[in-house]
Each structure stands twice: as C-alpha cells, then as structure tokens.
Amino acid sequence: MARLVLIDGNSILNRAFYGIMGSKMLTTTDGKYTNAVYGFLAIMFKVVDDLQPEYMAVAFDLKAPTERHKLYEGYKATRKGMPNELAEQMPIVKEILNLMHITIIEKEGYEADDILGTLSKMAEKEGLDVTIVSGDRDTFQLATKKINIRIPHTKVGKTEIDTFRRSGNNRKIWC
C-alpha cells in the first residue's frame, strides 16, 4: 500500500526551535540560528527512515489572515508572534525541502492543519495510508484506521515519535 506523509511545517519547526534551545541556540559560524533547521530535519529524517513513504508534503501557514480570523476577530489574538530567531530559519527549511524535491503547500486564507486535514481525507479516499506529523494534538480528530498521527518529542537528545491511530472499533491506540 502506498504511503503519504504530511508534515505540519510550522508546528514541527516550532517544536524543533523550542526543543533545541537549552542554554544556547545552535548557530553557524557567522551567527545564523540553525536549531529549528536541525531539529526539523532530524524529525523529518526519523519519519522517513521509519515509514519509507512514497509521497511526502509539508504544509506551512502564511502570514495572511485565515477564514477563521475573518469570522472571529479574536482568533489567536493572545498568541505571541514568531520570534525573529525562528522566522529567519523558515526560508532555510523551505529551501532545503525544495532542493530535496519535497512538495511545500501553502494557501492564503488557510492554516497548515486545514491543508493537512483536506489532503489526508482525499488520500484516504484514494486508498493511501496516511501519516500526519504534527505537534498539534487537534490533529487527533483526523485519525482513522488509514490515517495515523505522529507526535515527535525529544528524550535525552534523541528524537522519538509517538503514534496515534484508531482501531477498528474506533478506540484510540497509542504505539
């Protein structure tokens, strides 16, 4: 069965950025921050090694307001903005993904998780096994027998990933 991996780019970059901060962030010799780049790629390569997918895409949010912002002015109003140290790493990750020929999907008015939800349900209908990689536990609602959710975390400096799926009787299963 063909396998599709969908990655929530903003969520995984955020997780990588804050997960590899410690007392000092990783930087290049000329001072460019790289902790989010390093962490994102470590998570992505772990998933690729584990699953060997035939297809992969990474969805990112755009700065433009989404439909939810238009419907409710207070949507995410209390969230802090992305730190500059993280924002400057975003184009680097996108450049690396492009060089690796990994599809990047962004659409004005939609959040990455909206894109992941749509793509995962479409792929499921086409018979693909789908894995969504995200730190956002809201993605659990997408889990089915054919759609797995993987939540990465770091333990003693090593990337580990928990898998969530639904069994045949619609119960939640952690692996």
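Over the ring of which residue does the charged end of Lys94 sit? In this predicted model, the ring belongs to Phe60, and the charged end of Lys94 is placed 4.9 Å from its centre. With that contact as a starting point, the overall fold comes next.

The protein is built from six helices and seven strands. Read from the N terminus, these elements follow the order β-α-α-β-α-α-α-β-α-β-β-β-β. The protein has 175 residues, and 41% of them count as buried.

Two packed helices are described by the angle between their axes and the distance between the axes. For helix 2 (residues 35-51) and helix 5 (residues 90-99), the axes come within 9 Å and cross at roughly 35 degrees. The crossing of helix 2 with helix 5 is right-handed. Helix 2 brings Val37, Phe40, Leu41 and Met44 to this meeting, while helix 5 supplies Ile92, Val93, Ile96 and Leu97. Sorted by class, the contact between the two helices consists of eight nonpolar residues, with no polar and no charged ones.

Met44 also turns up in the surroundings of Met56, a residue of strand 2 (residues 55-59). Is Met56 buried or exposed? Its relative accessibility is 16%, and Met56 therefore counts as buried, the cut-off being under 20%. Leaving aside residues up to four places away in sequence, Met56 touches Leu4, Val5, Ile7, Met44, Val48, Ile102 and Thr103.

Aromatic pairing is quickly told: a search of the whole structure finds one pair. The partners are Phe17 and Tyr18, whose ring centres are 4.8 Å apart. Their planes stand at 85 degrees, so the arrangement is edge-to-face, as planes over 60 degrees apart are classed that way. Phe17 has a relative accessible area of 2% and is therefore buried. Tyr18, by contrast, has a relative accessible area of 48%, so this residue is partly exposed. The edge-to-face pair thus joins a buried Phe17 to a partly exposed Tyr18.

Key
Residues are numbered from 1 along each chain as its sequence is written. This is a predicted model: local features need pLDDT of at least 70, side-chain atom pairs count only at pLDDT 80 or more; totals for chains, interfaces and linings use all residues. Side-chain values use heavy atoms; hydrogens and water are left out. Axes are lines fitted to C-alpha atoms, for helices over the stretch in contact, and angles run from 0 to 180 degrees between N-to-C directions. Helices (H or I, at least four residues) and strands (E, at least two) are DSSP runs, numbered from the N terminus. A crossing is left-handed if the near helix is turned anticlockwise from the far one by less than a right angle, and right-handed if clockwise. Contact means heavy atoms within 4.5 Å. Ala, Val, Leu, Ile, Met, Phe, Trp, Tyr, Cys and Pro count as nonpolar, Asp, Glu, Lys and Arg as charged, and the others, Gly among them, as polar. Rings of Phe, Tyr and Trp (its six-membered ring) pair if their centres lie within 6.5 Å; planes under 30 degrees apart count as stacked, over 60 as edge-to-face and the rest as tilted. Buried means under 20% relative accessible area, exposed over 50%, partly exposed in between (1.4 Å probe, protein chains only). A charge sits over a ring if NZ of Lys or CZ of Arg is within 6 Å of the ring centre and within 35 degrees of the ring normal.
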